[in-house]
Amino acid sequence: MTDMSAKRKIGILLADDHALMRMGLRTLIEVQRDMEVVGEAEDGEEAVRAAAALKPDIVVMDLSMPGMDGAEATRRILNDRPDSRIIILTAFADSADVGRAIACGARGAQMKGGPTDALLDAVRTVAGGGTAVAPEIRRMLAEDLEPVELSDRQREILVSVARGLTTSDISVQLGISQSGIKQHIAHICEKLGAANRSEAAAIAIRRQMIKM
């Protein structure tokens, strides 16, 4: 009879720039009988190097990291080792970079802060050769949203809104009347499908349409 305890564990590389996040993932994974953490990386460049050196079964990769992000790290890892299996973790289901990471070859995409069972199931599914994309991310990808074009002026206004400036402040800053600013914001909200200026700024940040 085969001893199941002798079965090789799924080796996982954790890539996240937050030490507490890596610690939490390590704690979660290492109590699983079929998984083990074989290494950690705190940014995309380190993840690429570690994946090449350690050859993990799965890379659990944060999407948003300083320097090289998770999508670019995914592209580089798969360029070197096309059989690598990568699961992206993201805080925003509608981040444009989620689609980019999947287009680069990531086998899975899960939400940060989502159910722990969902991530564990994703690891097992991807390790077995399948794909595992969280429902909310799948919905966003399926909608295939048309790109929203904002003018340079609209981007300027959105950045100011995101920084907490009032209509009066923005009017003075850009030399546009307050009514003109309000008109711009109304057009921006219409383009983004936002209910108000704050929601418009949040959407633009998540979709990486503006840089703060």
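Which helices each supply at least two residues of the lining of the largest cavity? Select helix 2 (44–54) and helix 3 (70–80): these are the two helices to look at. Keep in mind that this is a predicted model.

Now select the lining itself: V48, A51, A52, I77, D80, R81 and S84. Colour the lining by residue type, and four residues come out nonpolar, one polar and two charged. The count of cavities of 30 Å³ or more comes to one.

Next, move to the second largest pocket, with about 250 Å³ of space. Of its 18 lining residues, select M111, G113, G114, P115 and L119, which are the closest to the pocket centre. Then show helix 1 (19–30), strand 5 (108–111), helix 5 (116–127) and helix 6 (135–143), each of which supplies at least two lining residues. Helix 1 gives the most, with five residues. By type, the lining of this pocket divides into eleven nonpolar, five polar and two charged residues.

Last, select two cysteines, C104 and C189. Is each one buried or partly exposed? C189 counts as buried because its relative accessibility is 11%, under the 20% cut-off. C104 has 23% relative accessibility, so it counts as partly exposed. If you look for disulfides anywhere in the structure, the search finds zero.

Methods. Residues are numbered from 1 along each chain as its sequence is written. This is a predicted model: local features need pLDDT of at least 70, side-chain atom pairs count only at pLDDT 80 or more; totals for chains, interfaces and linings use all residues. Side-chain values use heavy atoms; hydrogens and water are left out. A disulfide is a pair of cysteine sulfur atoms within 2.5 Å. Buried means under 20% relative accessible area, exposed over 50%, partly exposed in between (1.4 Å probe, protein chains only). On a 1 Å grid over the protein atoms alone, a cavity is a set of points where a 1.4 Å probe fits but cannot get out, and a pocket is an open set with protein on both sides within 12 Å along at least five of seven lines; lining residues have an atom within 4 Å of a point. Grid points are joined across faces, edges and corners, and a volume is the space filled by probe spheres set on the points. Helices (H or I, at least four residues) and strands (E, at least two) are DSSP runs, numbered from the N terminus. Ala, Val, Leu, Ile, Met, Phe, Trp, Tyr, Cys and Pro count as nonpolar, Asp, Glu, Lys and Arg as charged, and the others, Gly among them, as polar.
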